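Thanks for asking me to go through this one with you. Please have the coordinates open beside the sequence while you read the points below.

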Amino acid sequence: MLLLLLLAACADGKNAPADTDTAPPTETLPDRDGDGADDSADCAPDDPAIFPGADEFCNGVDDDCDALTDEAGAADAAAWRPDSDGDGAGDPEIVRMACAQPAGHVADGPDQQADCDDGDASVFPGAPEVCDGADNDCDGLTDLDDPDNDPAGTIARYADADGDGWGSGDPVAYCEAPEGSAEIGGDCDDSDPDTHPAAPEYCDGADDDCDGAIDDDPADPGTFWIDADGDSFGDPAQPVEACEKPPGASINYGDCDDADALNNPAAQEFCDGLDTDCDGGVDDNAVDAFDVWEDKDGDGWGDPAAARRACAQPAGTALNGDDRDDNDSGVHPGGAEICSDGIDQDCDGADAGC
């Protein structure tokens, strides 16, 4: 009975009038590639990957049917930065998306985002630092402010406290020479401007020329002479220049025989045939010399006005000097008196009368 009722109901429904509120069927436009875009709007109706609204890719194809190919909005476009100075590092403030590298641009990357002066080709990350007041390597530090930098163009200077042009200690690198510095080192006393490697050495007990030796080759040495015989007079042929008298030397010179301590300028001359007192004469002014007088008339009596000292009696001299007339051999002490001739032949002070 239930089956008959259901069949009757179906039969009734087939013959029922249509619902007047039902919309007419929609017209379906052709879409051959099934990408959801009808063929009239699809610029590649046979390629399901190409249709209006599709993602654009850098593939040389107009993927989104906007009549543009590989535009900046492509999903796989690369980032590029302007490199105005051509140093390989880009402007950190500007980025451009493009499928191909635009002219005057570099690919984006850590180093390409850090050019701190894109108008100077010598300034970029990794550039050599130079003493020019600029941050050449874009690390935020200038010249010698960065301890890791060794800028080109530095100059080495030494501390020069005494202002003598010679420095002391180890050299320090500077971009500009500071006041109170010197280009040359080696000053052994930077508190004394008279002490440095070019200074003259003096006899002052100091190392004036910084050669490590005191009073060597001084400009003001004293002169001494070798005194081999120790008589306090040195050999004039052997001078020695020094600040202090060396052992075996004397402040005096003039010794004519430095092997004999009895011969020197202070010695007494003797009648020994030697120049004992080193005055250039032999037996002159000898202490043991005796007086002789000139005896021109050969009468054995000399002229009292012509005496001299001698170590041996010279010819033409006499050992006494009492001759009143050395031009007359008949006149001398003990001579024969001639009566009333007006001559004192015996030199007794009177003319004997007969």
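**Notes on disulfides, salt bridges and strands**

1. Helices (H or I, at least four residues) and strands (E, at least two) are DSSP runs, numbered from the N terminus.

2. Before going further, a word on the source: this is a predicted model, in which local features need pLDDT of at least 70 and side-chain atom pairs count only at pLDDT 80 or more, while totals for chains, interfaces and linings use all residues. Residues are numbered from 1 along each chain as its sequence is written, and side-chain values use heavy atoms, with hydrogens and water left out.

3. The classes are set as follows: buried is under 20% relative accessible area, exposed is over 50%, and partly exposed lies in between (1.4 Å probe, protein chains only).

4. How many disulfides are there by this rule? The count comes to eight. As a reminder, a disulfide is a covalent bond between the sulfur atoms of two cysteines. Another of them joins C116 to C138, with an S to S distance of 2.2 Å. The link of C116 and C138 is left-handed, with -85° about the S-S bond. C116 and C138 both lie in the loop between β3 (105-107) and β4 (155-159), 22 residues apart, and the pair links distant parts of the chain. C116 counts as partly exposed at 45% relative accessibility, and C138 counts as buried at 18%.

5. Please look at C131 and C175 as well, which form a disulfide with their sulfur atoms 2.0 Å apart. The torsion about the S-S bond of C131 and C175 is about -65°, so this disulfide is left-handed. C131 belongs to the loop between β3 and β4 and C175 to the loop between β5 (168-174) and β6 (181-182), so the pair ties together parts that are 44 residues apart in sequence. C131 is partly exposed, at 21% relative accessibility, and C175 is partly exposed too, with a relative accessible area of 23%.

6. On to the charged pairs: there are four salt bridges by the rule used here, namely a side-chain nitrogen of Lys or Arg within 4 Å of a carboxyl oxygen of Asp or Glu. Which residues are linked in a network of salt bridges? They are R32, D39 and D46. The side chain of R32 meets that of D46 at 2.9 Å, N to O. Both R32 and D46 lie in the loop between α1 (2-14) and β1 (78-82), so this pair ties together parts that are 14 residues apart in sequence. The side chains of R32 and D39 meet at 3.4 Å, N to O. D39 is buried, at 14% relative accessibility, whereas R32 is exposed at 57% and D46 is exposed at 58%.

7. Four bridges join β10 (residues 290-294) to β11; two strands pair if DSSP finds at least two bridges between them.

8. D291 and R309 connect these last two topics. R309 in β11 is the bridge partner of D291, and the side chains of R309 and D291 also meet in a salt bridge (3.1 Å, N to O). R309 is partly exposed at 45% relative accessible area, and D291 is partly exposed at 34%.

9. Finally, E241 is placed in strand β8 (residues 239-242) and counts as exposed, at 60% relative accessibility. Leaving aside residues up to four places away in sequence, E241 touches P221, G222 and T223, with contact meaning heavy atoms within 4.5 Å. E241 and P221 are 20 residues apart in sequence, and 5.7 Å apart in space, C-alpha to C-alpha.

How values were computed
A disulfide is a pair of cysteine sulfur atoms within 2.5 Å.
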